[in-house]
Amino acid sequence: MENIREYNMSNQLEEEDGIDLKKIFMELADKWHWIGVGIVTCLIISFLYILYTPPSYQINARVLVNDDEKAGGLAKQAGALMDLGGLLGGKNSVDNEAEILKTRFLMEQVAREMQLNIVYARKSNFVKRELYQAPFRLDFIKGVDSIKKTQIEIQKLPSGKVKIVSNKLEKEINWNDTFEIKNVGTLQLLPVNGLSMDNGTFVVTLNSIDERVADLMKMLSVGVSNKQVTIIDLGLAYPVPKKGEDILNTLIKKYTEANLSDKNAIADSTGKFIKQRLQVIASELGDVEGEVKQFKQKNRLADMTEQGKVLVQSTSEFSTELAKAETQVSILSDLEKYLQDENKNKRVFPTSLLPQDMVFSGIMNQYNALLIERDKLLLSVTDSSPLIKNLDGQVAEMRAGILANIVSTKNTFVLTRDKLRKQLDKAEGQISAVPEIEKDYLKLARNQQIKQELYIFMMQKAEETAISKTANISIAKTIDPPKAAVIPISPKKTIVYLAGLIAGLVFPILTIFGLNFLNTSISTKQDITNLTSVPIIGEISHNLSDDNLIVANQARSAISEQFRALRTSLSFYLKNKDEKIILLTSSMSGEGKSFTAINLGNILALAGKKVLLMELDLRKPGLSAKLGVSNEIGFSNYTIDSTIKVDHIVKPLSINKNMFIISSGPLPPNPAETLMSEHTPALIEELKKQFDYIIMDAPPIGIITDAQLLSNYADVVLYLVRQKITQKNQIAIVDDLYRSKKMKNIGIVVNDIVSKAYGYGYGYGTYGEENKQKGWLSKVFKK
């Protein structure tokens with residue numbers, strides 16, 4: 001027995017050293033039908049997912065952007081001199097344009113133009129598929145401020161009317177009728193010319209613009225795949241290929257229009273400024289011309305003297321240069337006032353009026369780009385946004401720099417103008433013979449010439465601005481129009497089925513290990529060896545039939561072989577001729593004591609031994625009933641009636657000539673005291689003389705103490721443990737009996753092993769009496 005104990009302990013230590021892969025494999029093999037059902041179920045779910053999920057197609061387009069950062073030339077040189085491109089974001093960078101294409105505002109314009117918040121679909125066989133061109137149209141007559149997502153089912157009736165169903169609304173209407181839906185508004189149903197409506201069911205989903213835009217933004221992808229080129233890749237995943245292509249086309253169109261609008265904003269600002277100045281200058285020029293005319297009429301100045309002509313010729317060059325200087329001073333003064341005006345400091349600057357200075361023009365372009373970017377951001381954020389505050393700071397700094405530059409440039413032209421005036425006055429003073437009247441006239445004429453020069457300059461700029469506006473083109477052009485892929489990108493059948501297969505494997509496995517983790521009953525051999533050092537001396541498989549007489553009726557079955565193995569193990573315990581009594585007990589009822597007693601007795605009897613079965617579970621006898629033996633007279637009668645002899649209670653069994661039984665007899669009022677009767681020792685001694693083996697079927701020791709009363713007579717105690725019935729905490733009972741030596745020669749017999757994951761100590765099969773192979777359904781639904 002000590003050798004068996006040492007073997008079990010060493011085996012336990014080996015199993016605790018690492019993960020027992022064999023145990024894991026056996027547990028999974030035992031529940032293979034769970035995994036099979038899981039795989040089939042998940043594959044069916046995958047099939048239904050593919051069947052009912054609308055396919056999504058990938059629509060791709062490519063846009064070429066004229067990026068100044070990659071174009072080279074003077075613009076790039078100017079950018080290099082200023083080093084402001086990355087800081088201020090004013091250049092037409094391809095990265096900036098990609099971000100613009102991602103803006104929600106752009107998609108909102110698309111959704112509003114195409115009415116994408118109204119989605120039409122056809123319902124057929126529990127499958128709903130979106131339509132691009134429905135045979136009818138829903139128009140909003142009056143919508144609420146915030147539309148709640150609503151579905152409307154529309155069906156054409158044989159009468160020609162249309163039935164609409166939505167939430168708590170169900171009514172029949174005629175074409176072109178209006179109807180009202182709560183949280184949506186007033187709608188009108190209109191037929192579409194050229195498309196006929198069948199009797200099927202159509203579904204219209206109404207969303208708010210914001211909700212629909214959010215959905216479309218998730219479907220949109222914008223990126224620059226190659227940083228060495230200025231090409232933007234656009235993608236849209238949509239269930240209707242043609243509609244997806246049109247959405248992407250409209251998005252590109254709105255982007256192009258917005259880009260042109262940004263360019264035209266500068267031209268419009270310049271044109272407006274020039275128009276206002278032309279009105280003022282025209283008025284001033286008219287006044288000067290009137291003064292000249294009145295002066296000539298008043299002084300009757302018909303023709304100039306020769307000295308006057310000489311004066312005009314000698315000062316003409318100075319007069320021309322002075323007119324140009326006066327024009328520049330006037331323009332710069334107006335621009336200075338324009339920048340200083342608080343009501344206009346958030347408007348783009350008329351750059352075409354500036355002197356042709358490369359660096360200065362570049363700064364102005366950066367300034368205008370910041371203002372345009374600010375206007376774009378205000379479409380989605382408020383003035384208090386940190387982004388707007390940051391841009392306002394940059395705009396204020398640039399405006400201060402531009403203003404200082406304008407003042408400096410104006411001062412330069414003022415010095416030039418003053419210098420020309422002095423030179424002109426000096427030239428006039430050298431010709432003293434010219435009459436004073438003619439000198440005054442020449443001053444008026446010179447003033448008229450300056451106004452004319454300024455007026456002509458502004459008219460020229462106005463024409464240049466108009467021409468430049470018509471010549472404006474978008475910085476981007478479509479080089480690869482939107483086109484949908486032929487094969488849908490989702491759902492991908494291979495991936496879905498693979499995911500279903502993996503899920504079918506993983507979920508059952510997790511369930512198996514989860515149940516094992518939460519399981520409180522004995523499932524494996526290791527569960528026993530981990531909890532006690534009591535040796536396991538027998539292992540009995542699950543009996544698939546209802547026959548309790550396995551050894552008698554199926555002598556060469558696996559269970560019969562296992563009882564033979566148990567008989568061999570008992571030979572190590574019962575070494576002497578006087579050691580004959582085998583006591584069977586367990587933690588609770590239903591663990592197979594009677595079944596084990598019958599078949600163990602039968603296997604001993606087959607070896608030619610005379611065996612007696614004693615039914616000593618006086619409270620709940622079952623042994624005699626299983627063997628079909630009358631229980632009218634038995635052990636309890638013997639203990640209370642001295643006239644009853646041993647021969648009266650010992651009954652032969654038909655299953656084997658060497659097997660006998662003493663039944664429990666009528667239920668006594670005090671079972672424990674009955675077992676402790678003074679007649680019991682003499683009975684046991686007499687029986688030991690008559691029989692080779694005595695098997696006592698005792699009550700469960702985990703419930704009552706009767707088994708301990710009988711243990712004094714036992715030479716070996718077999719403690720029955722039933723797989724998946726005996727609780728793990730009940731193993732502490734047998735362990736305590738073993739350690740406290742309350743029962744001698746105790747060993748465990750594991751009964752009703754149904755799981756391959758148990759981990760047999762021995763292997764048994766059948767020979768000559770194999771059962772017919774069961775079908776796979778029987779295996780799946782086996783107990």
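## Terms and model

Buried here means under 20% relative accessible area, exposed means over 50%, and partly exposed lies in between, using a 1.4 Å probe and protein chains only. Helices (H or I, at least four residues) and strands (E, at least two) are DSSP runs, numbered from the N terminus.

The model is predicted, so local features need pLDDT of at least 70 and side-chain atom pairs count only at pLDDT 80 or more, while totals for chains, interfaces and linings use all residues. Residues are numbered from 1 along each chain as its sequence is written, and side-chain values use heavy atoms, with hydrogens and water left out.

## Helices with a buried side

Let's start with helix 9 (residues 209-219), where Ile209, Arg212, Val213 and Leu216 are buried. These residues sit on the same side of helix 9 because they cover an arc of only 100 degrees around the axis; the arc is that of the directions from the helix axis to the C-beta atoms. As background, an α-helix has 3.6 residues a turn, so residues three or four places apart point the same way.

Helix 26 (residues 731-739) has Ile731, Val734, Asp735, Leu737 and Tyr738 buried. Their arc of only 160 degrees around the axis puts them on the same side of helix 26. Just after helix 26 comes Lys741, with a positive phi of about 60 degrees.

## Helix 2 against helix 3

Helix 2 (residues 21-30) packs with helix 3 (residues 32-52) at an angle of about 60 degrees, their axes being 4 Å apart. Axes are lines fitted to C-alpha atoms, for helices over the stretch in contact, and angles run from 0 to 180 degrees between N-to-C directions.

Leu28, Ala29 and Asp30 of helix 2 make the contact with Trp32, His33 and Ile35 of helix 3, where contact means heavy atoms within 4.5 Å.

Strand 15 (residues 581-586) is largely enclosed by the rest of the structure, because six of its six residues are buried. Ile581, Leu583 and Thr585 point one way, and Ile582, Leu584 and Ser586 the other.

Two strands pair if DSSP finds at least two bridges between them. Strand 15 runs parallel to strand 19 (residues 693-697), joined by four bridges, and Ile581 stands opposite Ile694 there. Strand 20 (residues 716-722) is also parallel to strand 15, with five bridges joining them; Leu583 has Val717 as its bridge partner in strand 20.

## Asn637 in helix 21

Asn637 belongs to helix 21 (residues 635-640) and counts as buried at 16% relative accessibility. Leaving aside neighbours within four places in sequence, Asn637 is in contact with Glu632, Ile644, Gly665 and Pro666.
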